[in-house]
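Work through the exercises below. Try each task before you read its solution.

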Amino acid sequence: MIPLEVCIRASLRGGKLLLSASILVFGVVFAAGAKDLDCVIEASEEADVSSSVRGVMSAVDVKRGDWVKKGQVLARIESSVEQAAVDLARARAETTKMVQARQTRLNLANKRLRRVRDLKKNKAVASQDLDEAETEQALATIELEQAREQHLISKLELARSEKMLALRTILSPINGVVVEIFASAGELVEDTPIMRIAQTDPLHVEAIIPVDHFGSIKRGDVYLVSPEEPIGGRFEAEVSMVESIIDARSGTFGIRLVLENEDRALPAGLRCKLSSR
């Protein structure tokens, strides 16, 4: 095999040699006594789903092996108290009677003040009557503002109660498959995970490469992944990450490829082989 340095020099002489040089570089990577590289197919993401609140599990809505979507309900924590708080807060937030009453009182105070001022111009009332009318109008304005502020606070309390209630419903953070379930209905939920979900579309392919070939594999390169039997087959995967740190003890570095798995035909956890297209 032509040394790597020769291939690189040859690639500078013309477009035809550039293509042959890239092929030889790949050959160097997958030579070293083995036709293909060993690799492992893994879930692209795993999430241990837990609850941010303490409580008793009232229901688990999924089973091990179920496919779930992001945002799907996975489980519920007993929430009768929180539901009652929401109902109460909603009743307070939806009523506007206090605001309407304060507005009516302000309207009357404004009318009385206008009448008193007209009478004052004709000197038909004393100054004290005018002072009282102005004070009544000012107090009615303040009371209306307080009623509006209280109504706003009631709306905020409703929003807070609804969020507290929502925390009792456990949602999936990712699309994936339920790998394990750690809690059942009736159990106390605290700081421990309720279940584990693995995202298998896309999958990640992890491989270890000898340090001699550092720099010959780039992000965006496409290789073929051959899962072990009985799955078999060959699938294209694109390099998404090349480690920039070499493991001095083993003289290797890692790469990661992204393998699309829309039909969910490939499970995670498989051994595989990595080869050129």
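Buried means under 20% relative accessible area, exposed over 50%, and partly exposed in between (1.4 Å probe, protein chains only). Helices (H or I, at least four residues) and strands (E, at least two) are DSSP runs, numbered from the N terminus. The model is predicted: local features need pLDDT of at least 70, side-chain atom pairs count only at pLDDT 80 or more, and totals for chains, interfaces and linings use all residues. Residues are numbered from 1 along each chain as its sequence is written, and side-chain values use heavy atoms, leaving out hydrogens and water.

**Exercise 1.** Find the buried residues of helix 3 and say what they pack against.

Solution.
- Helix 3 covers residues 80-94.
- Its buried residues are Glu82, Val86, Ala89 and Ala93.
- They span an arc of only 70 degrees around the axis (taken from the directions from the helix axis to the C-beta atoms), so they sit on the same side of helix 3.
- These buried residues pack against helix 5 (127-166), where contact means heavy atoms within 4.5 Å.

**Exercise 2.** Locate the disulfide and say which strands it joins.

Solution.
- A disulfide is a pair of cysteine sulfur atoms within 2.5 Å.
- A search of the whole structure finds one.
- Cys39 is joined to Cys272, S to S 2.0 Å.
- Cys39 lies in strand 1 (residues 37-49) and Cys272 in strand 12 (residues 270-275), so the pair ties together parts 233 residues apart in sequence.
- Cys39 counts as buried, at 5% relative accessibility.
- Cys272 also counts as buried, at 5%.

Conventions: Expected span 1.5 Å × (residues − 1).
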